[in-house]
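This report describes a few local features of one protein chain. The sequence and the model are shown first.

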Amino acid sequence: MEYKHFNHEHNLAILELPPPAGAATATNGIHCSGCRTPISGSAYACRECNFFLHLECGNANRAMEHPSHELHHLTLLPYPTYSAGAFVCNACGAPGSSFSYCCPLCEFDLHVRCALSPPIISHRAHRHELSLTYGLPYPQAKASSSPNACGICHKLVDNNYWSYSCGLCKFQLHTSCATPEMVPVSYQADGGAGNAAAAAAQPGSSQNGSKPAEVEDQVLATQLELMRLQHELELSHQLAKMMASVNLSSLV
C-alpha cells in the first residue's frame, strides 16, 4: 500500500522501522521528517530520500479548527514561513523547524503532536482523569493561575503553556511528561468511555477522539496567500533597511 503526501514528491510506503537498541533513551538514528523526533515501528517511508513520517504526522489534516484558537482556522505547513526559519509552539513553548499548524494572522503555531493532544486522558500518576488546559488566556487556567509542580518531574508548570490537570486535586502534569504513558479517553454518545489511541493511525483522523473540522479549499488558499504576502512584506522591509544603510554609508 502506497500513500502520497503533499510534502514529498514520491509515494510513501508503510514500513516497520527497527526499535531502538540498548538503553531506553537510545534511538535507531531515524527521525520523523515532520516533527524531527525519533521514529520506530509503523511509519510512512521513502527509502530513496530518507524521508520518514509518523503515522499521525503523515495523516494530519491540511487544515483544522482547534479549541485553543477559536478565532481562525489552523493550516498545516511543512516548514515555518517566518524569516528566522523557526517557530515557537504556543502549546509547549519549544521551538520547531518543520511541520506546524499555523494561524498566520495571529502568528499562532502548534507542533502537530501538540495539536493532536487528546483533551482527556488517564495516567498512572493520578487516580482521576486529567483534562488538557490551554494556558492562562483560557478560563480553565485562570481558576488556578498559581503554578504547581509537575506530578512527574516535580518542576514548576508554566501556566502560559498547556498542561494536563485535575481541578479537584490541583494536580498538574507537563504535556511532555504525560505523553509517554498517557491513555487517551473518548466519550461515546451513550456515555461510555473508550480508548482513542488508535484514531491517529487512520487517515484524516486525530488523537482527540474526533475528526478535526475540515476547511474548504478556498479558506486554505486564502490563508496560504496571506502567508505569502506577509513573507514578501518582511523581505521588502529588510531590503529597504539594507538600501537605506548603503545610501547612508555612501554619504560618509
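## Strand pairing around β3

The model is a predicted one, and in it β3 pairs with strand β4 (residues 51-54) in the antiparallel sense, over four bridges. Four residues separate the two strands of this hairpin, where Asn50 takes a positive phi near 55°.

Strand β3 (residues 41-46) is also joined to strand β2 (residues 11-17); these two run antiparallel, with five bridges between them. In this pairing Ala45 of β3 has Ala13 opposite.

## Glu56 in helix α1

Helix α1 spans residues 55-58 and contains Glu56. Glu56 counts as buried because its relative accessible area is 16%, under the 20% cut-off. A polar contact of 2.9 Å links the side chain of Glu56 to the side chain of Arg113.

## Tyr82 in the loop between β6 and β7

Tyr82 belongs to the loop that runs between β6 (69-77) and β7 (87-88).

Beyond its neighbours within four places in sequence, Tyr82 is in contact with Phe87, Cys102, Glu107, Phe108 and Asp109. For one of these, Glu107, the separation from Tyr82 is 25 residues in sequence and 9.2 Å in space, C-alpha to C-alpha.

Conventions. Residues numbered from 1 in each chain as written. Predicted model: local features only at pLDDT ≥ 70, side-chain atom pairs only at ≥ 80, totals over all residues. Heavy atoms only, no water. Contact = heavy atoms within 4.5 Å. Buried < 20%, exposed > 50% of the residue type's maximum accessible area, 1.4 Å probe, protein only. Polar contact = N/O pair within 3.5 Å; in protein donor to acceptor, adjacent residues only side chain to side chain. Pairing = 2+ DSSP bridges.
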